[in-house]
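Welcome to this short tour. Keep the sequence and the 3D view side by side as you read.

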Amino acid sequence: CCPCGGAGPGGFGLLGVPREVAYVTCTYRCTGIEQPDFLATVDLNPRSCHYGQVIHRLPMPNLKDELHCAGWGPACGCFDGGAAAKRTKLVLPCLISSRIYVVDVGSQCRAPRICKMIEPVDVFWKCNKGYLATTHPLPNGDVLVANMGDAAGHGKGGFVVLDGETFELKGNWENECEAPPTGYDFWYQARHNVLVSSAGVVPRVAGRGFNPDDLKKGVFGRRLNVWNLSCRSLTQCFDLGEDSLPLTVRFLHNPEAAEGYVACALSGAIFRFYKSCEAKNWAVEEVICIPAKDVSGWIMPKMPAFIADLVISQDDRFLYVCNWLHGDIRQYELSRSCKPRLVGQVFVGGSILRGGPVTVCRDEELKCQPEPLVVKCKRVYGGPATLQLSLDGKRLYVTNSFYSTWDRQFYPSLIKEGSVMLQLDVDTDKGGLSVNKNFLVDFGKEPNGPCLAHEMRFPGGDAKSVPLPLSGPGSAAVPPGSAGIGVRGGIGALGCPG
């Protein structure tokens, strides 16, 4: 039994052992500190004397990578005899350098080590891709990595594929002619043979900072893309509105569910995408809209919520979103019969705090500007950018770095003070969120100086992990005959040309 806690129900690891650590991606890019990014191991055990502290740091061998997203490699082992499959490799694609690190967390879960590195030149020359974002393992065992642009930083969506055993770069996943204009996140439902991907920002423009003059110029993505998973072909595209910037995509965890949600950062809208039993095609509908606020003292007269992340509880009851600019985290109750219902909300920072440079002139939701948050004598700067939920749904973790260039632009105090990792306690009966004042990971006290923290992952899998394929008779986690799901260049078992 892994002492860190492996995969299992209810937020616990193997044999009911609680998860005791989290892995957090940290960067020094844009902080003025010439140090490599690192993967932090954080102690989550309340009984530990190191609770809420970084207990190990794995530095990358290069500077200015911008560690951003992190995803699990394919599972090893199986479910036969009640034994759980294990996720032992963490894949770290770099947003700026386009390098890919593979980290072994299985040998020593409290002291991970780099076991593979793919250099940017290989990604550039073999795939003509760059600016790497989200990653998930595919049903056939390979690893899929979404990209935002080409080698020159122009907008170009799509995916690159890593071999699931060797982690060698295999090539592009989609046809060259079907690459979307931009890309960022994706999720799939193997039983429905579908992959859904979001848009993103043109990297070379985003690297200059957010500029309102870039609006209405095609810099910010607007498409939601639906792919045939086994044929690796684009089947549908939905226009979610000019400059809507759909980023985060999540399917429901139920492997039978033909339903998911996508959050649009700039428009503040959340769309539900779904397919009914009778329909051949997918459809979308707007189910949540967080209104912009009329403000003064900011870069624009209207401040969007900027939904930076979205996560769904393991039982598919609740949906959580974080608004990076407004500064709040929201809990919605999901229902098949009606639109999501807001049942919890808490502010953990943001740009509209009382006493700050921004004055809210008109607000459709709040009567007054929220107070700054202080936890364990430290004021929290920045806005909530990334979420992670325990599998029992009772602890919601949050970090507050979105992208180093934009962090520096919108939250200069965050650069000086460093990121934090917070814990919110969740009422899973009636709904509700509250900040746990006994938990704080202060990345402002790092030995090499304050850093920016983004993605969080739990050993063995978490609420952002795609379901592990089941073994044994009756398993339907992979579409029948879909052995050809993988890199372009062959004939899939479903008869789709590779």
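## A covered strand and its partners

Strand S1 (residues 21-27) and S2 are joined by 6 bridges and run antiparallel. Within that pairing, Thr25 has Leu39 of S2 as its bridge partner. S2 also pairs with strand S3 (residues 54-59), in the antiparallel sense and over 5 bridges; here Val42 has Val54 of S3 as its bridge partner. Two strands count as paired if DSSP finds at least two bridges between them, and helices (H or I, at least four residues) and strands (E, at least two) are DSSP runs numbered from the N terminus.

This is a predicted model, in which local features need pLDDT of at least 70 and side-chain atom pairs count only at pLDDT 80 or more, while totals for chains, interfaces and linings use all residues. Residues are numbered from 1 along each chain as its sequence is written, and side-chain values use heavy atoms, with hydrogens and water left out.

How many residues of strand S2 (residues 38-43) are buried? The count is 6 of its 6 residues, where buried means under 20% relative accessible area, exposed over 50% and partly exposed in between (1.4 Å probe, protein chains only). In a regular strand the side chains alternate between the two faces of the sheet. Phe38, Ala40 and Val42 point one way from S2, Leu39, Thr41 and Asp43 point the other way, and all are buried.

## The chain as a whole

The chain has 4 helices and 33 strands. Of its 498 residues, 62% are buried. Among contacts (heavy atoms within 4.5 Å) with a separation of 6 or more, 57% come from residues 24 or more positions apart.

## An open sheet

Further along, 4 strands form an open antiparallel sheet in the order S16-S17-S18-S19. Its edge strands, S16 (246-251) and S19 (283-289), each pair on one side only. S16 is joined to strand S17 (residues 259-264) by 5 bridges, and Thr248 has Ala263 of S17 as its bridge partner.

## Two spaces to find

On a 1 Å grid over the protein atoms alone, a cavity is a set of points where a 1.4 Å probe fits but cannot get out; a pocket is an open set with protein on both sides within 12 Å along at least five of seven lines, and lining residues have an atom within 4 Å of a point. Grid points are joined across faces, edges and corners, and a volume is the space filled by probe spheres set on the points. By this rule there are 4 cavities of 30 Å³ or more.

| Space | Volume | Lining residues |
|---|---|---|
| Largest cavity | about 200 Å³ | 19 residues |
| Second largest pocket | about 370 Å³ | 21 residues |

Nearest the centre of the largest cavity lie Cys69, Arg250, Asp309, Glu455 and Lys464. The elements giving two or more residues to this lining are strand S8 (130-137), S16, strand S22 (307-312) and strand S33 (452-457). The cavity lining divides into 7 nonpolar, 6 polar and 6 charged residues; Ala, Val, Leu, Ile, Met, Phe, Trp, Tyr, Cys and Pro count as nonpolar, Asp, Glu, Lys and Arg as charged, and the others, Gly among them, as polar.

For the second largest pocket, the residues closest to the centre are Gly350, Ser351, Pro357, Phe410 and Tyr411. Helix H4 (residues 412-417) gives the most to this lining, with 3 residues.
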